[in-house]
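Q: I have a model on my screen and would like to learn how to read it. Could you take me through its features one by one?

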Amino acid sequence: MRVLAVPTFTQTPMTSHFSGIDTIIVRVRDITAACAWYAAHLGGEQVYEDDDQRLAVIEFSSGSTITLWQIDDGAEFVASATYPILATANARAAHAALLAQGVPVQAVHETPGVVYFRFTDLDGNPLEACEVKD
């Protein structure tokens with residue numbers, strides 16, 4: 001019978017060079033229209049703009065950001081498969097407000113820990129709103 005040696009690994013603390021997520025990129029067709037939509041419907045504030053790159057950073061009251069980045073002229077637009085989840089203190093109120101503004105929203109779902117719903121921006125990019133229950 002042959003016995004294989006099993007390697008042992010020593011767990012050493014890893015030094016992280018990262019402190020969190022700085023921003024999430026969301027590709028859009030028209031940077032000006034997208035900035036206006038994110039401000040009007042989500043309450044985000046444009047805090048940075050780069051005309052050469054055709055991008056803008058939208059900041060929320062928590063300090064988190066989304067970077068809207070316009071696709072190149074002539075490029076085919078494909079809505080993102082990865083999406084941000086936006087924190088809300090009241091998912092049902094946020095759902096009703098977006099619905100009243102004509103934003104396409106899906107049904108509200110509730111689990112023992114969260115209340116959430118999905119919706120899309122003006123380009124069809126998926127977004128989600130989530131309320132964490134106490």
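**Reading the sheet, the rings and the core**

A: Four strands make an open sheet in the order E5-E8-E7-E6, with mixed pairing. At its edges lie strand E5 (85–87) and strand E6 (109–110), each of which pairs on one side only. This is a predicted model, in which local features need pLDDT of at least 70 and side-chain atom pairs count only at pLDDT 80 or more, while totals for chains, interfaces and linings use all residues. Residues are numbered from 1 along each chain as its sequence is written, and side-chain values use heavy atoms, with hydrogens and water left out.

Q: What counts as a strand, a helix or a pairing here?

A: Helices (H or I, at least four residues) and strands (E, at least two) are DSSP runs, numbered from the N terminus. Two strands pair if DSSP finds at least two bridges between them.

Q: How many bridges join E7 to E8, and in which sense do the two strands run?

A: The general idea is that strands of a sheet pair through backbone hydrogen bonds, either parallel or antiparallel. In this model, strand E7 (residues 114–120) and strand E8 (residues 126–132) run antiparallel and are joined by seven bridges. Phe117 has Ala129 in E8 as its bridge partner, and Phe119 has Leu127 in E8. The two strands form a hairpin with five residues between them, and Gly124 in the turn has a positive phi of about 90°.

Q: Which strand does His109 face?

A: His109 stands opposite Tyr116 in E7. E6 and E7 pair in the antiparallel sense over two bridges, and they form a hairpin with three residues between them.

Q: How do I read a positive phi away from glycine?

A: Most residues other than glycine have a negative phi. Arg54 is not a glycine, yet its phi is positive, about 55°. Look for Arg54 in the loop between strand E2 (45–50) and E3. Arg54 counts as partly exposed because its relative accessibility is 23%, given that buried means under 20% relative accessible area, exposed over 50% and partly exposed in between (1.4 Å probe, protein chains only).

Q: How many aromatic pairs are there?

A: Rings of Phe, Tyr and Trp (its six-membered ring) pair if their centres lie within 6.5 Å; planes under 30 degrees apart count as stacked, over 60 as edge-to-face and the rest as tilted. By this rule there are two aromatic pairs. Trp37 and Tyr38 are edge-to-face because their planes stand at 70°, with ring centres 5.1 Å apart. Phe117 and Phe119 form a tilted pair, 5.6 Å centre to centre with 35° between the planes.

Q: Are Phe117 and Phe119 buried or exposed?

A: Both Phe117 and Phe119 are buried. Tyr38 is buried too, with a relative accessible area of 0%, and Trp37 is buried at 11%.

Q: Which residues touch the most other members of the largest nonpolar core?

A: A nonpolar core is a set of buried Ala, Val, Leu, Ile, Met, Phe, Trp, Tyr and Cys residues joined through side-chain atoms within 4.5 Å. The largest one has 23 residues, of which Tyr38, Leu42, Leu68 and Phe119 touch the most other members. Among the elements that give two or more residues to this core are helix H1 (31–42), strand E4 (65–70) and E7. H1 gives the most, with six residues.
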